[in-house]
Amino acid sequence: MQKKKIFSVFGVAMAATTILAACGNNEEEETASATVDTITIMAPFIETDPPEEDNKIIEKLEELTGKQIEITWAPNTSYEDKMNITLASDNIPKVMVIQGKSGGFIKSAENGAFWDLTDYLKDYPNLSQANPDVLRNSSVNGKIYGIYRSRDGMRTAVMIRKDWLENLGLELPETVDDLYAISQAFTENDPDGNGQADTYGLIVPQWPASINTNSPYDTLATWFGAGNAWIEKDGELEPSFMQPEYLESMQFMKNMVENGYVNKEFATLTADKWDEPFLNGKGGIIVDTYSRADSISNKLRQANPEGEDLVVFTGNLEDAEGELNALPTDGYSGFLAIPKTSVKTEDELKAVLSFLDQLNDEEAQILLTNGLEGVNFNVVDGMAQAIKEDAEAEKYANYVKSYSQIGMNVTEEIMFYRAKPETDEMTQKFEKRLSLMSADLETAVYNPASSYITDTYVTKGAQLDQIISDARVKYVAGQIDDQGWADSIELWKNQGGQELIDETNELHKN
């Protein structure tokens, strides 16, 4: 199968496609592979209903791997609860999708519920290509308990209504000061030309009671130079929210709120309504990810198929001094872990790892990410062009959204197809997106404590995050001042935050 290769922003392309083998030619590993005939998996489904048991995707996947595959699907919205219930049961699958390093997972892993894969991945042709930085980010204090699901290393984007920029003769922002000026203009200068003061600039949603989750607040803090979650000073780690630059970023947001440049209901606008002010012509700017820009463009196109694309975007913004502190992702979104209760021996572990290695081969990456060629997509110009003519194509396109949850794509060269944009304009936007992502990675500010999980955070992390999250919203809303913010940080320290700092630094030193 010939196709145009698309290179990962994390790695350098391989010269040739990895040979799909259980574990190479090692006789011992081939024997181990034969010890497991059925692979059971627990994974979330994304659409309203999970894929049917007997479908062409699972049939093809079984053909590629030589294994019988049984997947237990759980709703994405309640997956964490289902996962914990499963771990406490007598029916534990051989592979589990873990969506994040939650307290429940950390406790289970450190109590020996999952295999430590740290010393095994090097023995597999595909798994050995995993990016070391992403492995570290996904690890628990240096131990790798799962094979990460790869994601773009840079997603942060600023999307803006194109028609409003053009109406006011403005350009895309390059700095945080530009962002402020455009928000002001969108509020005060009648960008939609209806003669009424009924618009504003930046749209900010209510955010869950947590911090360091790439919210607009976290993004601004990184742009202002506060670091990414943690910052290292003279060998010591400190939380970003303790930095003066973090306070500056909140003062920036507070000022915009006071002047009406941000939606008034920023503390209560739910995330599922985030797009609505943009679509309805009330707000003109969203700071989130490139995928949200694509989503908004698609919604506008559905409402007006013949209309002009009203979404333009750029990447991370420089601070007032012209320095770019780009906010990256951790490079992954959850991982696939192997429970010891269901995989009892090292031979069985090697067999399961051989299976997971196969899921990272070219054909499997395409199947889990794109679907079935000729059924729900065709290859055009080295990219996947969606088939939309019939119900079967739509059905399998929806199935892929769930099957992609067991895709890892950890090879240095991603082997699946990028989705082909529908128009030349969309192609240009896609190429611009790749260019911005690549450029921003050069100044990415990584979290130096991304792999550290302390006892205090496992037991008190949610409550500690709540203190800072609540104080942040109150500060931006004008309900507390600088002293109130300082008092909140002291409360955080006294409630366990200082222990968290001490434990994190102890891990960092070791």
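How far apart are the mean positions of the 42 positive and 87 negative charges of the chain? In this predicted model, they are 3 Å apart.

**Figure 1. The whole chain at a glance.** The C-alpha trace spans about 70 × 60 × 40 Å along its principal axes. A compact globule of 510 residues would have a radius of gyration near 24 Å, and the chain agrees because its own value is 24 Å. Of the 510 residues, 53% are buried. The exposed surface comes to about 22,800 Å², and carbon and sulfur atoms supply 45% of it.

Figure 2. Domain 1 covers residues 38-153 and 331-417, while domain 2 covers 156-327 and 426-448. Taken over C-alpha atoms, the domain centres are separated by 32 Å. Now think about contacts in the chain with a separation of 6 or more: 78% of them join residues 24 or more positions apart.

Figure 3. Is S488 buried or exposed? Its relative accessibility is 13%, and buried means under 20%, so S488 counts as buried. Setting aside neighbours within four places in sequence, S488 touches I467, A471 and I480.

Figure 4. I414 has a relative accessibility of 7%, so it counts as buried. Look for I366 as well: I414 and I366 are 48 residues apart in sequence, and their C-alpha atoms are 9.6 Å apart in space.

**Figure 5. N141 and its positive phi.** N141 sits in the loop that links helix 5 (132-138) to strand 4 (146-150). What is the phi of N141? The angle is positive, about 50 degrees, although N141 is not a glycine. With a relative accessibility of 27%, N141 counts as partly exposed.

Figure 6. Our last stop is D234, in the loop between strand 7 (230-233) and strand 8 (236-239). D234 is not a glycine, yet its phi is positive at about 55 degrees. Its relative accessible area is 84%, and the cut-off for exposed is over 50%, so D234 is exposed.

Definitions and conventions. Residues numbered from 1 in each chain as written. Predicted model: local features only at pLDDT ≥ 70, side-chain atom pairs only at ≥ 80, totals over all residues. Heavy atoms only, no water. Domains from an automatic or database assignment. Rg over C-alpha atoms; globule rule 2.2 N^0.38 Å. Buried < 20%, exposed > 50% of the residue type's maximum accessible area, 1.4 Å probe, protein only. Contact = heavy atoms within 4.5 Å. Areas by Shrake-Rupley, 256 points an atom, 1.4 Å probe, with all protein chains shown as cover. Lys, Arg positive; Asp, Glu negative; His and termini not counted. Charge placed at Lys NZ, Arg CZ, Asp CG, Glu CD. Helix = DSSP H or I, 4+ residues; strand = E, 2+ residues; numbered from the N terminus.
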